[in-house]
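Subject: Structure for your review, with findings

Dear colleague,

Please find the structure below, followed by an account of what was found in it. I would be grateful if you could read the two together.

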There are 2 protein chains.
Amino acid sequence: MKQVSATKGHMTLPVEVGQEEVVLDLYQRWHADALRDSDGTTMPESLAEQDSDIYSVVCLVRADQQFANQHPEYLHRKYLMSFPVTAMAETLTIQPLDGYSKDKYELDNDSDPKCWWEVRNRTTNTVIDEELWQFDSATQQVTIQQAEPYHEYTVTFMARQVWDSVSMYNALTNDWKGPRIKSLDPYHPECRAHLIQHFARWLNEHPKTTVVRFTTFAFLFVIDTGEQNQDIYRDWTGYGETVSPRALEDFEKRFGYRLTPEDFVDAGYYNGTYKAPSQRYQDWMTFVQEFVVDFAAELVKMAHENGKKTAMFQGDHWIGTEPYLESYQKIGLDINIGAVEDGVALRRLTDSTGEQTREARFYPYFFPDVFREGNDPVVESMSNWVKIRRAMLQKPLDRIGYGGYLSLANNFPNFVDHVTDISKEFGDYLQNTQGTESQKLPGKVAVLSAWGKSRSWLQNQARDQRFYVPPRPDVMEFVGNNLLECLAGLPFDVEFISFDDIIQNGIGEDVKVIINTGDANSAWSGADCWDNSDVLVALRKFVGQGGGLLGVCDPSAFQKNGRYFQLGDVFGLEKETALTMGRVAMPLSISKDHYLSQFVTDELDFGNPSYVYPQATDIAVLAAQGQHLALTARNYGKGRSVYMGNLLFNMKNARLLQHVLIWLSSNETQHHVWLSDHPFVDVAYYPKTGKVTAVNYSSEPQTLTVRNTDGELVDIRLASYEWKWISH
Amino acid sequence: MKQVSATKGHMTLPVEVGQEEVVLDLYQRWHADALRDSDGTTMPESLAEQDSDIYSVVCLVRADQQFANQHPEYLHRKYLMSFPVTAMAETLTIQPLDGYSKDKYELDNDSDPKCWWEVRNRTTNTVIDEELWQFDSATQQVTIQQAEPYHEYTVTFMARQVWDSVSMYNALTNDWKGPRIKSLDPYHPECRAHLIQHFARWLNEHPKTTVVRFTTFAFLFVIDTGEQNQDIYRDWTGYGETVSPRALEDFEKRFGYRLTPEDFVDAGYYNGTYKAPSQRYQDWMTFVQEFVVDFAAELVKMAHENGKKTAMFQGDHWIGTEPYLESYQKIGLDINIGAVEDGVALRRLTDSTGEQTREARFYPYFFPDVFREGNDPVVESMSNWVKIRRAMLQKPLDRIGYGGYLSLANNFPNFVDHVTDISKEFGDYLQNTQGTESQKLPGKVAVLSAWGKSRSWLQNQARDQRFYVPPRPDVMEFVGNNLLECLAGLPFDVEFISFDDIIQNGIGEDVKVIINTGDANSAWSGADCWDNSDVLVALRKFVGQGGGLLGVCDPSAFQKNGRYFQLGDVFGLEKETALTMGRVAMPLSISKDHYLSQFVTDELDFGNPSYVYPQATDIAVLAAQGQHLALTARNYGKGRSVYMGNLLFNMKNARLLQHVLIWLSSNETQHHVWLSDHPFVDVAYYPKTGKVTAVNYSSEPQTLTVRNTDGELVDIRLASYEWKWISH
């Protein structure tokens, strides 16, 4: 049990030059204990004298622009696919960079096109013989001979990035001035040696720094930029920007085969995180991870030898340093800092193993887009806090923090008071929980996806996300199916497993329920991972012998052998994909006498119609949208299955999920201690400190009855929005 | 030009024993000129004496029940797949008929299971070696050895049908009494000889009959029946019930290869009409068509030699006698009778080639389900009539008719008046059009599907159909995307083409617009027919050189080579199927200055959200549902493309389609004579009779301005619901 004091601070705040008084005032009111500089700021001397931890940001790959300008061969490179061009004659000319930002990308003239590029006929998906195309470096054009009219062609080329995505974002969105920053790729030994040298110097020049806060170790998230300098493709956890001829050659030595340009551009899908990965791409990820861990560990070791702690900000850098990888602990970091907008993001931060301190960076950042006249920043903060708090009750969080300009926040007294409240509540939470974990219901819940553990608690966006225009385009806000957010605040032990886990190790004996949630074709549902009879047999057996299976959206979706839902036999249903139009459906009748029926109300939100219909007579239909199944339950062997069309996040849906998981665990007849069944009140019990907590998420007073550890029923009364701690 | 007299009748009515006075009264009031007996009635002597055509129904395959009972080996057979059974041990027993009606099906004990059945592991999709399974005729069970636990198994078996689907329907739905009727398969030469003999006798016994009205020549539509005697699968135009060992053996001789049971059960999809057919199944259809045409032609010849005309009722029999097949004319029929519930059904009847008289059988039938106290049968009839009338203006219809019990209709005076009005309007239509066709806009519109011409004007149900519970389950009523119904009443020459047509013959020079409309995976959209670069090139070239392409729902949908919509390059858009979540969409802005913008109003109905987003900067977004594209237009080369998310049938949507097709034909700057642009008024011009007609479909008076053949603008004023004929 960590020793936590309520009087010591627990918050990291950004400094701001010329605003020392504001910083000091909020530092005290908000119980801060650490200050940090950031990309846009430096630490004023007067603040650096405070008795606080000093976090100093270092982003080595962007640190030495002179070196970057001298060595274009070390800049970040990536494979891009030209936008397809239709041949209208037998000779076709393609300007590979057409449609892409000329401010950001250059054709990489260090790598021989004939060796590193690829020209394809996309209509027939054939590689064009290199004798049939030429690249003219003067015109920057590729000319294809013997093209077939009305076929589409693409050139996959290696682009050199001459403007870093973050620098570009800050310049274009936040109107930051200054030169266009370039990023260096430390995979090149000469470049790495230079950066190491630079970091040694940096350590010497920052004697007051107590925590080195790394943002980007080596590679950035993927942002492809169009010719209007607009984002055209984003993948916050993608491996697209890790490529260089040198790394590809080393990959070939390490894995015994050569990757092609197509392995990266992937017909224009770019191996998006939401896609189930190929084995070749997984190999590349492993290769990159090995390098990044090695490089990061060297930097961390240097900081430690300088008597400094180390932190990593997970918002900017994820590639190769994913905290759920076993290799992550080899880096030796002390503090994980996560940008946290909701419960899922919090669990992503708090659930990883290792001894790191967990620090949540909250939204909104104190930037002018939110902290502007007429806007109330409390709204966004409160909406986030409600979700985050639920998740905090399940796994311990150690610290919190904010970013941006405190002087801007200081213009909003309501917001200052609101953060004062949050910090007070967080202090009470630390005091009462002492960094221990609340009690969970028996049995583990496993979330099955193509990624499994490596991408635990990564938001699995639903298709609806694309069609939602968020008020702030750069801030994550999830619409549509969002089971993970519901789950983030429920008292279950959760683990994330992959199809490979099941094939190689089977299903853990402690797993009581397996969840498969996501759109068809996505890594979350599983896509072609379902094209494997071993997986189907393992899951049927799991349920047949007493397990529970929860499918949401398109569980087990893969068209084969007469089924779209490969486990449709377990769920007792099928999705209409225009292949079964002749099957006659009887009008649905809603079950009123199922155990789960009592929890179904009109206020539940199952999102869009499912296009799913019953294909078993012994299925209990608990909710439907017209004739579209929304919630069904079924027994299969000794086990149980539940299907939901969608599960959007709201408090009532979340509580429904709790009841569903209890039923699927066959635990519904057990008495559970300190378990809330109230939609608006969460209760958590911390056995190691003997404390119980109850939070009312509603604006009305609420009362609920729960069972204490002695088996007695206890009433808890809460004022509106009250968060109460009870000694037990 | 046919000579049509307004005084002679134009309607066929059913007789009813004991209701001769009612029949005679309505016969005169409704301008009937023909009487028919039907399945449930026989012709009373007094009515047979009328100076009218006498239609007599004959259904040879059900005509001799004594013979059917003596020869179970000649009964209709079909392949059924047992419902999948999961092995829980290494020995698995399957009762093939489990889940199927025992009143309707028997296991066919004339065909050796080891020769004609198939056992499959559906989890691995492998055929089980026949040494590993046994059929026990005593227990009617199949036992499988060495089964793999938690794999699913099926038995595909040949079932003998001991209760005809129509007989069963009438017994269970209309409460008809009498024995359970069996149907004979005339493919067996001995059976065919017997039925021919029976028909010769029947002809002799029906001297007063002037028209032999065939219902089922040989094979029925597909209805699979579950163990509660409920319909579980329906395919009104499916070939599932045409199978016998003899026919399969002959097929092998004719085509040089053997069909397997799997070719018929198709993993449980049963080659539904909405599925793109395999080449093997198309071969089987050809085989069946050759037989049916030969048999039907023999019967028609016998009737003709007896001095009688022949008619076929297309509602009961379609298989092998599809009027759009070239072979259809070999049968030699005189009258095509179609059951007509809407405009599409009418065009299905009227658009086929050949010299046959076209007679429409209208709904509702005079049966107690509709003609019951408290119900107003005018509602259904009027709703149908509005749609049918639009389509009648485009292609000539010769006769109309009704079915059921006239005594029931006679209880509803409003309905009697309503049919009097319809008959009067129809008489005026015949008089003014003289069986000629109205003028069309220049250029053909081709509807592209996997079926093409052979299934012209067949309703392409959308996925929404499954989730709609119609008030009367046995009556077709189409919901969701329904472009064909909109098109059925518009002044365009329409033809239906297949992908094979394009590959083998190219695109006709007279085709100005190609339409592809339907759900992904369906025969209507095309499914894997889009997996063909020749097709893509032909269509790109067609548009590139000036053609128009209209895509509705999921046009060109097939996941391959980086696209879901294979012609997404022409449309300038893509559908989100969870593979492109990383692509950043700019918020849509609606074009206000496109030619088509003027026709976009809030009252248009594009159905469900499309999940389609722009992937071109030069796309004009004309309508959207949130960020889902609903209507877009784009130029491509010298041609044009339009996408619609859905197009439900209503008058405003139909008129929008007219404007879209004119724009796609690049005809928007031309003056068109007698063309309505009013959503509620149709205008048609009959150049051969010099007549113009205008119909007001609304309850309000309407005025519109149209251009006459001299190029002058003419105002037409119509009272509510007025149908006016104008001499020009």
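This is a predicted model: local features need pLDDT of at least 70, side-chain atom pairs count only at pLDDT 80 or more; totals for chains, interfaces and linings use all residues.

How much area do domain 1 of chain A and domain 4 of chain A bury between them, and what part of it is on carbon and sulfur atoms? The two domains bury about 1100 Å², 65% of it on carbon and sulfur atoms. Buried area here is the accessible area (1.4 Å probe) that two parts lose on being put together, summed over both.

Residues are numbered from 1 along each chain as its sequence is written, chains are lettered from A and ligands numbered from 1 in the order in which they are written, and side-chain values use heavy atoms, with hydrogens and water left out.

Domains 1 and 4 of chain A

Chain A is divided into domain 1 (11–66 + 165–221 + 231–433), domain 2 (77–161), domain 3 (444–664) and domain 4 (681–727); these bounds come from an automatic or database domain assignment. The C-alpha centres of domain 1 and domain 4 of chain A are 35 Å apart. Contact between these domains (heavy atoms within 4.5 Å) involves 11 residues of domain 1 and 10 residues of domain 4. On the domain 1 side, A:Arg389, A:Leu393 and A:Asn432 supply 58% of the area buried against domain 4, more than any other three residues.

One salt bridge is found across this interface, the term meaning a side-chain nitrogen of Lys or Arg within 4 Å of a carboxyl oxygen of Asp or Glu. A:Asp682 forms a salt bridge with A:Arg390, and their closest N and O atoms are 3.8 Å apart. Helix H11 (377–392) and helix H13 (413–433) of chain A each supply at least two residues of the side of domain 1 that touches domain 4. Helices (H or I, at least four residues) and strands (E, at least two) are DSSP runs, numbered from the N terminus. The residues on that side of domain 1 divide into five nonpolar, two polar and four charged. In this division Ala, Val, Leu, Ile, Met, Phe, Trp, Tyr, Cys and Pro count as nonpolar, Asp, Glu, Lys and Arg as charged, and the others, Gly among them, as polar.

Chain A against chain B

The contact between the chains takes 64 residues from chain A and 64 residues from chain B. The area buried between them is about 5700 Å², of which carbon and sulfur atoms give 57%. A:Tyr150, A:Arg466 and A:Phe467 supply 15% of the area that chain A buries against chain B, more than any other three residues.

Six salt bridges are counted between the two chains. A:Arg540 forms a salt bridge with B:Glu152, where the closest N and O atoms are 3.3 Å apart. H16(A) gives the most to the side of chain A that touches chain B, with six residues. That side of chain A divides into 26 nonpolar, 22 polar and 16 charged residues.

Individual residues

The peptide bond from A:Tyr363 to A:Pro364 is cis, with omega near -5°. A:Pro364 lies in the loop between strand E18 (357–362) and H11 of chain A. In chain B, a cis peptide bond joins B:Tyr363 and B:Pro364, with omega about -5°.

A:Trp674 is not a glycine, yet has a positive phi of about 50°. This residue is found in the loop between helix H18 (651–664) and strand E31 (681–686) of chain A. Is A:Trp674 buried or exposed? A:Trp674 counts as buried because its relative accessibility is 5%; buried means under 20% relative accessible area, exposed over 50%, and partly exposed in between (1.4 Å probe, protein chains only). B:Ala527, also not a glycine, has a positive phi of about 50°, and with a relative accessible area of 12% B:Ala527 is buried.

A:Gln140 lies in the loop between strand E10 (133–136) and strand E11 (141–144) of chain A. A:Gln140 counts as partly exposed, at 31% relative accessibility. Leaving aside residues up to four places away in sequence, A:Gln140 touches A:Ile94, A:Gln95, A:Pro96, A:Leu107 and A:Phe135.

With kind regards
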